[in-house]
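Let's take a walk through this structure together, moving from loops to helices and cores. Please keep the view open as you read.

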Amino acid sequence: MGTNDSTMESMDIHSASRPDLIRVRHIELDLDVRFDTRVLEGSATLHLHRISGGELVLDTRGLAIHSVDNASSYELGAADPVLGTPLRIQLLPEASSVTSWVRVHYSTSPSASGLQWLDPEQTAGKLQPFLYTQSQAIHARSWIPLQDTPAVRVTFEAEIRVPTGLRAVMGAEATGDRFRMEQPIPSYLIALAVGDLEFRALGARSGVYAEPAAIEAAAHEFADTEAMIGAVEAMYGPYRWGRYDLLVLPPSFPFGGMENPRLTFATPTVLAGDRSLVSLVAHELAHSWSGNLVTNATWSDFWLNEGFTVFVERRILERLYGPARAAMEAVLGRRLLDAEMARLPESDRVLHIDLSGRDPDDACTLVPYEKGALLLRTIEESVGRQRFDAFLRAYFDHFAFQSITTAEFLEYIRRELPNPVPLDEWIFQPGIPAGVAEPHSDAFQRVESGWPTDTSAWSTHEWLHFLRSQKAPDMARLDSEFHFNESGNSEILHQWLLMAVIADYRPAFPKVGTFLKSVGRRKFLKPIYSELVKTPEGQALARSIYAEARAGYHPIAQATIDGIVK
Ligand code: BES
Ligand code: ZN
């Protein structure tokens, strides 16, 4: 049994709420989107299930609370820099039944951590403003007062009023001018975007939203989406969310993708033109099973979301594009994991991570992703693909629409799939245990065999592996032979510019500045800024670039880069 309805739940240290006492079940949102003041204003009506006591504690951050209906009193507690401000509501004493409701009238702060308000100049079309939310990990509380823990699932409906000429979309079903989410989801998956958006169908139950200037490229890039949905269903059971659409955001989006249910949010930096970066779609789609259906109960269990998702992502790639492609992606991930682990303290090299006193945003490394996927590959190898796939399918069914802890996963797998993999060592110890199923790519072995003679058939993955395999890169030769500064592929360009900074290869520096000022994806920004600040000269360059670029970054990316540059 997952924690969704259990009273024996593990406490989530990142929420002040007490879902063991009173649990929010359903939310009605009624919001005005005000671009002039950069504020969402309106109300959230919370429908409650009362287990014991009369106090409802909600998470908020930077919210102005105007009033609370159907309550006897309310007060805001002390603000915590990571967790925000608890809102304590005393329910009416006469409401003795197990169900009740309260309505919170509120407005958001213009600097809400979960909202990015974009000026028209920051969009592809340059004419209309744009707004989007990013609730994971603990930013939903900056735009909705709620129990902001992945252990609580809610259904919701919403009425969102936007200026004429703009369109609102949510990770929910649109019916007329309202939105409805009928499947219970954790708060970190509640999502809204507003902009000049166009829609293009991709398949019977899939499509893409983007600004008109990007819609053509997006529809071309994501043409395989419907086939991907079918591939996961064949392996792990039905897609349970109705539609699967994608939304291409402006370039300041701080992540590659975000698996908002029914509507994945995606960075435009995956629009490479040749579908070479669609592992991102496979990844976010896979979350429809691992993460959105079976959800980590706390942020310490994040590897249950991401490790399973990377495993499923690579299985999708294998089915659609063949084992050689999946192997290349696995080897790239394996290499990056080793590099990252070498930089991390031992306590961050475990799968079940201690986050006491930490912001989950700062603890997001490749470990839950790649070490998690490596564990599942290793189990798969030890029991055989057929048995492991049957196990996974049963796991998704068994825990569907529940939030579970690592302990619950362990209990389940020990019962259902006894296997020789040292699970405790994998999950609680810092290294990669002996017996790991190491990925291998023949294509990469050829790439490593010396300076290339014919690269005409190389994939993006081979280029990335080639660049990352250069021990003492001859930057001038790489530049003159391969012209990486002109690459239209964001991953290749990023890898090249990162190497240019490390090697102090000045001819590429103007491009470093352009890149950092035009993209807000944290995975691209963080390594380059981190390398720049290692020398006094680089630090000066980082400061001057960041002074210009900062206003265009999302609050989450600003927080990360502030920590590096300041
Ligand atoms: N859910 C994550 C993004 C995320 C993680 C947001 C933690 C906030 C906190 C998403 O599924 C993800 O993993 N995105 C990756 C891309 C993916 C292809 C590995 C990213 O954004 O880089
Ligand atoms: Zn993910």
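**A guided tour**

Setting aside residues up to four places away in sequence, Leu189 touches Met258, Glu259, Asn260, Pro261 and Asn292, where contact means heavy atoms within 4.5 Å. Before we go on, please note that this is a predicted model, in which local features need pLDDT of at least 70 and side-chain atom pairs count only at pLDDT 80 or more, while totals for chains, interfaces and linings use all residues. Residues are numbered from 1 along each chain as its sequence is written, chains are lettered from A and ligands numbered from 1 in the order in which they are written, and side-chain values use heavy atoms, with hydrogens and water left out.

Back to Leu189, which sits in the loop between β13 (178-186) and β14 (192-195). Helices (H or I, at least four residues) and strands (E, at least two) are DSSP runs, numbered from the N terminus. Is Leu189 buried or exposed? With a relative accessibility of 0%, Leu189 counts as buried; the term buried stands for under 20% relative accessible area, exposed for over 50%, and partly exposed for what lies in between (1.4 Å probe, protein chains only). Between the C-alpha atoms of Leu189 and Ala201, 12 residues apart along the chain, the separation is 23 Å.

Some backbone details in the loops deserve a look. Arg262, in the loop between β18 (257-258) and β19 (263-266), is not a glycine, yet its phi is positive at about 70°. Arg262 is also buried, its relative accessible area being 12%. Lys126 is another residue other than glycine with a positive phi, near 65°, and its place is in the loop between β8 (115-118) and β9. In the loop between β9 (130-133) and β10 (153-161) you will find Ala137, which is joined to Gln136 by a cis peptide bond with omega of about 0°.

Now for the helices. Helix α4 (residues 302-321) packs with helix α7 (residues 385-398) at an angle of about 130°, their axes 13 Å apart; axes are lines fitted to C-alpha atoms, for helices over the stretch in contact, and angles run from 0 to 180 degrees between N-to-C directions. That angle makes α4 oblique to α7, since angles under 35 degrees count as roughly parallel, over 145 as roughly antiparallel, 65 to 115 as roughly perpendicular and the rest as oblique. On the α4 side, Leu304, Phe308, Phe311, Val312, Arg315 and Glu318 meet Arg385, Phe388, Asp389, Leu392, Tyr395 and Phe396 of α7. By class, this contact of α4 with α7 has eight nonpolar, no polar and four charged residues; Ala, Val, Leu, Ile, Met, Phe, Trp, Tyr, Cys and Pro count as nonpolar, Asp, Glu, Lys and Arg as charged, and the others, Gly among them, as polar.

Glu380, in helix α6 (residues 367-383), is in contact with Phe311, Arg315, Arg385 and Phe388, leaving aside its neighbours within four places in sequence. Glu380 is buried as well, with a relative accessible area of 11%.

What about the cores? The largest nonpolar core has 142 residues, and Met170 and Phe409 are those with the most contacts inside it; such a core is a set of buried Ala, Val, Leu, Ile, Met, Phe, Trp, Tyr and Cys residues joined through side-chain atoms within 4.5 Å. With nine residues, α4 gives the most to this core. Not counting residues up to four places away in sequence, Phe409 touches Trp303, Leu304, Phe308, Phe391, Tyr395, Ile404 and Ile427. A second, separate core of 45 residues includes Leu332, Val447, Leu525 and Val565.

Let's finish with Tyr529, which lies in helix α15 (residues 522-532). Tyr529 is buried at a relative accessible area of 0%, and its contacts beyond four places in sequence include Leu516, Ala542, Ile545 and Val565. The axes of α15 and helix α17 (residues 555-565) come within 10 Å and cross at roughly 10°, which makes α15 roughly parallel to α17. Here Arg522, Leu525, Lys526, Tyr529 and Ser530 in α15 meet Ile556, Ala557, Thr560, Ile561, Ile564 and Val565 in α17. The residues of this contact of α15 with α17 divide into seven nonpolar, two polar and two charged.
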